[in-house]
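This report goes through one structure part by part. Look at the sequence and the 3D view first, then read on.

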Amino acid sequence: MKIIFILMLSFISLFSFDALHVKAEILSHIAHELVKKDVVNIYIDDKKFIKTKGLISSVKYTSCQNADVIFISKKETLNKKCNSKYLFTTSYYLYQSLPDVIGVFFWQKGRPNIIIKSSMIKKLNISLSESFKKYVE
Amino acid sequence: MKKILFVNKNLFFVISIITLLGSFWLYFNFKDVLGKHKDEIQRIEINRAHKTSEKILLNIQPHIIDKVLSLKDNLKITTKISKLLTYYRNDEFKYVYIIYIDENGAYRYLADGSELDERAYLAQKFTPSKTLLWQRVLKEKKEVYDLQDNAEGLWLTYLTPILKDGKVEGILALDVSTQEFNNFSKLITPLNKALNIFFLLIFAIFVVILLQGILFYNELKKSMIDSLTKLYNRHYLEQVSSKIKLDKMAIIMLDVDHFKSVNDRYGHAIGDLVLIATARKLIAATRLEDKVIRYGGEEFLILIKSAKVKQDVIKVAQRIKNAIGKEKIRVNDELSINITVSIGLNLCENSTKFFYDEVKHADEMLYKAKRNGRNRIEIYKN
């Protein structure tokens with residue numbers, strides 16, 4: 001009976017885990033595309049993405065100061081100490097309004113969307129892999 | 001009773017296999033019907049998407065077809081189109097939007113009828129998850145669709161090209177929600193589950209029957225083998241007696257001479273070893289097609305298959321008698337026992353067709369051999 005209960009629980013958690021895991025995977029891909037390190041430190045303020053914490057071992061969620069890549073959803077989150085970091089956003093509005101944002105990752109119409117600014121890629125001298133080039137505009 | 005049991009066992013297996021095959025047929029037929037029904041729902045959904053796309057294009061054509069490129073800069077008109085698209089958004093068509101292709105070949109939003117929190121900005125870059133589908137609509141310049149497996153809550157995407165002078169200027173996209181499909185699934189899932197359970201149950205019953213059958217067969221086989229000598233026993237003879245063709249068979253009844261005195265002198269353990277050794281010699285002296293049976297105690301019955309010359313069986317009987325009598329049975333390092341056998345032989349010529357009558361004749365000959373001094377062969381003459 002105990003085993004059946006554990007199996008059921010694992011089954012349920014496996015399904016609820018899926019969509020979140022996709023988000024975590026994409027965050028990890030973006031972080032590793034920008035910073036070539038085994039474990040990349042990221043900071044994220046978006047509540048929709050907070051639960052992805054701990055799902056991928058190659059990404060460590062940390063404070064804004066210690067992060068290599070920062071994902072912001074609100075302009076207020078950005079403090080001066082973090083200005084020098086790689087800046088990504090989860091809001092298309094911020095992507096358009098903040099000049100120093102490298103790109104945006106957001107969920108729209110049930111699908112993940114990534115857009116990357118070509119001007120920032122050139123400015124920061126980031127080399128993107130082939131799979132990421134299609135997101136550049 | 002045992003014969004009835006045998007017939008029933010076979011019948012049981014035949015019925016089990018028919019039931020299993022029937023269940024297979026039922027299961028796959030039902031799955032096929034479900035598949036066809038699902039295809040039909042998909043066809044209806046595609047048809048609806050087609051009609052809706054036609055209606056949308058008819059409504060917005062005056063605004064869009066001629067000036068689709070210039071519209072990209074005209075926020076007022078594109079907002080108006082987006083508003084118009086919202087009228088077609090419902091539980092069935094979750095997202096309705098128009099994409100254009102910019103001078104660099106990138107896809108961008110021209111209008112979006114989605115709810116505000118999902119609505120894209122004008123000229124926002126659009127990266128399709130199914131790039132090939134979007135390339136197809138550009139290449140084929142006709143409506144295309146594909147199932148959505150990467151997007152949440154979406155079943156399929158239906159794309160209609162917006163043409164100007166034979167060139168695709170934009171693409172109208174309808175994302176069909178999984179609602180219809182879920183409704184169908186809700187209806188079908190309990191049936192599907194019931195069928196799966198039914199099929200599993202039938203399969204489990206079949207496996208149990210099969211295992212029972214194998215166990216039964218093994219037990220039956222065990223029950224027909226004598227545990228001491230590993231020869232067939234009388235139970236085996238009872239099972240096969242009705243199938244024996246006496247015109248192609250000879251019967252040898254064989255008894256170990258003075259076996260009782262072996263038991264009395266050396267004990268039952270040594271007596272058992274003598275029986276085992278005798279059984280081995282009998283097996284060695286006969287062919288594979290002959291059957292050696294422990295008839296009871298120290299008495300053995302041998303069914304000799306004699307194809308043409310029945311007289312050859314006399315030579316076989318002689319060989320058996322010599323094989324046993326010639327060499328002593330070595331019980332252990334210190335003890336070897338010399339035994340002889342008496343043989344009653346029935347060649348089954350002019351057979352009565354009753355097996356046990358022929359056995360009786362062979363048995364009479366055995367007793368005759370015993371009476372006449374043992375270690376000899378007596379042949380039944382009809």
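## Where the two chains meet

In this predicted model, chain B and chain A bury about 1,500 Å² between them, with 44% of it on carbon and sulfur atoms. The size of an interface is often given as the accessible area lost when the parts come together. Chain B brings 21 residues to the contact, and chain A brings 16 residues.

Which kinds of pairing cross this interface? The rule finds 3 salt bridges across the interface of chain B and chain A. It also finds 10 residue pairs in polar contact there, both residues being at pLDDT 80 or more. On chain B, the elements that give two or more residues to the side touching chain A are strand E1 (93-101), strand E2 (107-112) and strand E4 (154-164). The largest share comes from E2(B), with 3 residues. By type, the residues on this side of chain B divide into 7 nonpolar, 7 polar and 7 charged.

## Salt bridges

Side chains of opposite charge can pair when their charged atoms come close. Over all chains, a search of the whole structure finds 23 salt bridges.

| B:Asp112 | A:Lys109 | 2.4 Å |

B:Asp32 and B:Lys36 both lie in helix H1 (residues 2-64) of chain B, 4 residues apart, about one turn of the helix. B:Glu45 and B:Arg48 are also both in helix H1 of chain B, and here the spacing is 3 residues, about one turn of the helix. An α-helix has 3.6 residues a turn, so residues three or four places apart point the same way.

Are these residues buried or exposed? B:Asp32 counts as partly exposed because its relative accessibility is 39%. B:Lys36, at 53%, counts as exposed. B:Glu45 is buried, with a relative accessible area of 1%, while B:Arg48 is partly exposed, with a relative accessible area of 36%. In the remaining pair within chain B of the table, both B:Asp333 and B:Arg330 are exposed. Salt bridges that share partners also join A:Glu137, B:Asp102 and B:Arg108 into one network.

## Helix H10 of chain B

How far should helix H10 (residues 355-371) of chain B span? Its 17 residues, at 1.5 Å a residue, should span 24 Å, and the end C-alpha atoms are 24 Å apart, so the two values agree.

The buried residues of H10(B) include B:Phe355, B:Val359, B:Met365 and B:Leu366, and also B:Glu358 and B:Lys370. What covers the buried residues of H10(B) includes helix H6 (234-240) and strands such as E6 (249-256), E7 (291-296) and E8 (299-305) of chain B. After H10(B) comes B:Gly373, whose phi is positive, near 115°.

## The build of chain A

Chain A has 5 helices and 6 strands. Along the sequence, these elements follow the pattern α-β-α-β-β-β-α-β-β-α-α. Chain A has 137 residues, of which 45% count as buried. Among the contacts in chain A with a separation of 6 or more, 39% are accounted for by residues 24 or more positions apart.

Key: Residues numbered from 1 in each chain as written. Chains lettered and ligands numbered in written order. Predicted model: local features only at pLDDT ≥ 70, side-chain atom pairs only at ≥ 80, totals over all residues. Heavy atoms only, no water. Contact = heavy atoms within 4.5 Å. Buried area = accessible area lost by both parts, 1.4 Å probe. Salt bridge = Lys/Arg side-chain N within 4 Å of Asp/Glu carboxyl O. Polar contact = N/O pair within 3.5 Å; in protein donor to acceptor, adjacent residues only side chain to side chain. Nonpolar A, V, L, I, M, F, W, Y, C, P; charged D, E, K, R; others polar. Expected span 1.5 Å × (residues − 1). Buried < 20%, exposed > 50% of the residue type's maximum accessible area, 1.4 Å probe, protein only.
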